[in-house]
Amino acid sequence: MKPFLFLITGLLIATTALAQNAEIDDIKAALAEAETAQERMVLRYELADAYLRVDAEQAEEIGKQAHEAARSLKNNGMAAQAAYLVAKAFERQRDDRNVEIWLRTALQHAKDAGDSDLIIRSVDERSRLAVKDRNYRRAYEINQEAFSYFSQNGTSISDLQKRFETQRTQLERQSKALQQERPVGVSSATSAWKKTKSVRKKTSWNNEQRDSVKTIKPNLKNSSQSQNRSKE
């Protein structure tokens, strides 16, 4: 039974790969015949999207070409989509630094284009990156920025608002936890210092008492000897 399942799985993978390769070849052929900059821009984006499933580096390279073409044509909507695609290509390569850079680029173009859906997706991805790094304050700030943008433009986004409120609560909880930890540390240090000071003071007092006893004994001895001499 298992060998049969492995065979079916292998056939499905091979079929999918062949279909993707065929799609890539078709787009490449169409790109070679494209006559306008607009057509080439769109086809480069489609080609990068097709490569994203099989070759992240190729998707990154061609996606950047689509983004540059969109910028040249002042097409903010396509520039935003291409930048987001490049970010996903870097995500496949596990390059978080460049993911953040290209998500910011996508967000800015999406704002210029008024693409609410892409704004939310870009903000969500950036927020997830910040949470992944346990930078909850940054995640909160990212959502706050987007929430402010939508509020100023009169757009109500309930899902974004929920995430915003949730992360604000997490941030407040984290701040309270840090504040509770600090006094404990200070108190422990103060207690240890006081204890050390007390020990030192006690030791010093004992030493002084010992010296005082040493001084008293010779004086008593000398006094006794003087009295004996007087009697004689």
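**From values to words**

Author: Ile 120 counts as partly exposed, at 21% relative accessibility. Its place is in helix 6. This is a predicted model, where local features need pLDDT of at least 70, side-chain atom pairs count only at pLDDT 80 or more, and totals for chains, interfaces and linings use all residues. Residues are numbered from 1 along each chain as its sequence is written, and side-chain values use heavy atoms, with hydrogens and water left out.

Reader: Why is Ile 120 called partly exposed?

Author: Set the value against the cut-offs. Buried means under 20% relative accessible area, exposed means over 50%, and partly exposed lies in between (1.4 Å probe, protein chains only). Ile 120 has 21%, so partly exposed is the word.

Reader: How many helices and strands does the protein have?

Author: Eight helices and zero strands. Along the sequence the pattern reads α-α-α-α-α-α-α-α. Helices (H or I, at least four residues) and strands (E, at least two) are DSSP runs, numbered from the N terminus.

Reader: What span does helix 5 reach, and what is expected?

Author: Helix 5 has 18 residues, and 26 Å is expected. From first C-alpha to last, helix 5 reaches 25 Å, close to that value. Gly 114 follows helix 5, and its phi is positive, near 70°.

Reader: Which residues of helix 4 are buried, and what do they pack against?

Author: Among them are Met 78, Leu 85, Val 86 and Phe 90. The buried residues of helix 4 pack against helix 2 (37-51), helix 3 (56-72), helix 5 (96-113) and helix 6 (116-132). In helix 5, the buried residues include Val 99, Trp 102, Leu 103 and Leu 107. Helix 3, helix 4, helix 6 and helix 7 (136-152) are included in their cover.

Reader: Why are helix 3 and helix 4 called roughly antiparallel?

Author: Axes are lines fitted to C-alpha atoms, for helices over the stretch in contact, and angles run from 0 to 180 degrees between N-to-C directions. Contact means heavy atoms within 4.5 Å. Under 35 degrees counts as roughly parallel, over 145 as roughly antiparallel, 65 to 115 as roughly perpendicular, and the rest as oblique. The axes of helix 3 and helix 4 come within 8 Å and cross at roughly 160°. Helix 3 and helix 4 are therefore roughly antiparallel. By class, their contact has twelve nonpolar, two polar and four charged residues.

Reader: What makes a residue nonpolar, polar or charged?

Author: Ala, Val, Leu, Ile, Met, Phe, Trp, Tyr, Cys and Pro count as nonpolar. Asp, Glu, Lys and Arg count as charged, and the others, Gly among them, as polar.

Reader: Which word describes helix 4 and helix 6, parallel or antiparallel?

Author: Their axes come within 11 Å and cross at roughly 25°. Helix 4 and helix 6 are therefore roughly parallel. Their contact has three nonpolar, two polar and four charged residues.

Reader: What about helix 3 and helix 5?

Author: Their axes come within 13 Å and cross at roughly 30°. That makes helix 3 roughly parallel to helix 5. Lys 64, His 67 and Arg 71 of helix 3 meet Trp 102, Thr 105 and His 109 of helix 5.

Notes. The expected span of a helix is 1.5 Å times one less than its number of residues.
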